[in-house]
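This report goes through the model in order of its sheet, its helix contacts and a few individual residues. The sequence and structure come next.

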Amino acid sequence: MDIENITQTTLRHYERTAEQFFAGTIDHDVSQNIGALLDAIQADAPYRLLDLGCGPGRDLKAFKAMGHEATGIDGSARFVDMARAYSGCDVWQQDFVQLALPAQYFDGIYANASLFHVPSAALPQVLTDLHAALKTGGVLFSSNPRGDNSEGWNGPRYGSYYDYPTWAAYLAAAGFVEVQHYYRPTGLPREQQPWLASVWRCVRERTEALP
């Protein structure tokens, strides 16, 4: 699997369609997802948050308006520029499979419709990197298109589509414990709920003090 080619091809698609993507998603209501992340954080507000795959900055702007210290990450240079201008937040250009994040820094990481672009072969390391960037007890939120554990190209974008047991196994292996999971949009039959959202807490084994 050529992970570099997969990620760069997907990013080039977003570079070409950045303005169209912004126009098509700016009015999406993701308040349930934002609330799920914030409600699970046990630290005192304001929180230090990372929006992983922030796109043009819609949710970054919402986090900042709530008084939190929000930082964005996206692999698309165009999205990074747009997000900085729209949200007024710090935004870093980084490829998900080559993350360079500060250790135990964030209270919460928000990955809304972003982690499903990571090929399964790269996912364990990406989740390990996110775990390392969270404070102990910090929270990771993810929302991905649910599926049957298949992956591949959907036009010019690559996607991995997990069912809940498989997704949960990846998160557990990276050191997370589940807080909750749910399907979206709410109030519809399961076959009409294409999104799997889940909330995870970062745990670390306690190391006994040396005598």
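Does Asn149 count as buried, partly exposed or exposed? At 34% relative accessibility, Asn149 counts as partly exposed, where buried means under 20% relative accessible area, exposed means over 50% and partly exposed lies in between, for a 1.4 Å probe and protein chains only.

## Basis of the description

This is a predicted model, in which local features need pLDDT of at least 70 and side-chain atom pairs count only at pLDDT 80 or more, while totals for chains, interfaces and linings use all residues. Residues are numbered from 1 along each chain as its sequence is written, and side-chain values use heavy atoms, with hydrogens and water left out.

Helices (H or I, at least four residues) and strands (E, at least two) are DSSP runs, numbered from the N terminus.

## The sheet

Seven strands form an open sheet with mixed pairing, in the order S3-S2-S1-S4-S5-S9-S8; two strands pair if DSSP finds at least two bridges between them. Strand S3 (90–93) and strand S8 (176–184) stand at the edges, and each has a single partner strand, so one side of each is left without a neighbour in the sheet. On average, and with direction ignored, neighbouring strands of this sheet are turned by 15° against each other; the axes are lines fitted to C-alpha atoms, for helices over the stretch in contact, and angles run from 0 to 180 degrees between N-to-C directions.

Strand S4 (106–112) pairs in the parallel sense with strand S1 (48–52) over three bridges, Leu50 standing opposite Ile109 in S4. S4 also pairs in the parallel sense with strand S5 (134–145), over six bridges, and here Phe106 stands opposite Leu134 in S5. Seven of the seven residues of S4 are buried, so this strand is largely enclosed by the rest of the structure. S8 and strand S9 (residues 195–202), by contrast, pair in the antiparallel sense over eight bridges, and Ala197 in S9 is the bridge partner of Tyr182.

## Helix contacts

Two packed helices are described by the angle between their axes and the distance between the axes. Helix H6 (residues 123–133) and helix H7 (residues 164–173) pack at an angle of about 55°, with their axes 9 Å apart. H6 and H7 are therefore oblique to each other, given that angles under 35 degrees count as roughly parallel, over 145 as roughly antiparallel, 65 to 115 as roughly perpendicular and the rest as oblique. The contact (heavy atoms within 4.5 Å) is made by Leu123, Pro124 and Leu127 of H6 and Trp167, Tyr170 and Leu171 of H7. These residues divide into six nonpolar, no polar and no charged, where Ala, Val, Leu, Ile, Met, Phe, Trp, Tyr, Cys and Pro count as nonpolar, Asp, Glu, Lys and Arg as charged, and the others, Gly among them, as polar.

Helix H3 (residues 31–40) lies across S1, S4, S5, S8 and S9, and runs at about 160° to S8. The axes of H3 and helix H4 (residues 58–65) come within 12 Å and cross at roughly 45°, which makes H3 oblique to H4. Ile34, Leu37 and Leu38 in H3 meet Asp59, Ala62 and Phe63 in H4, and the residues of this contact divide into five nonpolar, no polar and one charged.

## Two buried strand residues

Ser198 lies in strand S9 and is buried, with a relative accessible area of 0%. Residues up to four places away in sequence aside, Ser198 touches Leu140, Phe141, Ser142, Trp167, Gln180 and His181. The C-alpha atoms of Ser198 and His181 are separated by 4.0 Å, although these residues are 17 residues apart along the chain.

Thr71 lies in strand S2 (residues 69–74) and is buried at a relative accessible area of 6%. Neighbours within four places in sequence aside, the contacts of Thr71 include Leu49, Leu50, Asp51, Asp90 and Phe106.

## Backbone features in the loops

A cis peptide bond joins Ala45 and Pro46, with omega about 5°, and Pro46 is found in the loop between H3 and S1. Another cis peptide bond joins Arg184 and Pro185, with omega about -5°; Pro185 is found in the loop between S8 and S9.

Ala113, in the loop between S4 and H6, has a phi near 55°, a positive value in a residue other than glycine, and is partly exposed, with a relative accessible area of 28%. Asn149, in the loop between S5 and strand S6 (150–154), has a phi near 70°, likewise a positive value in a residue other than glycine.
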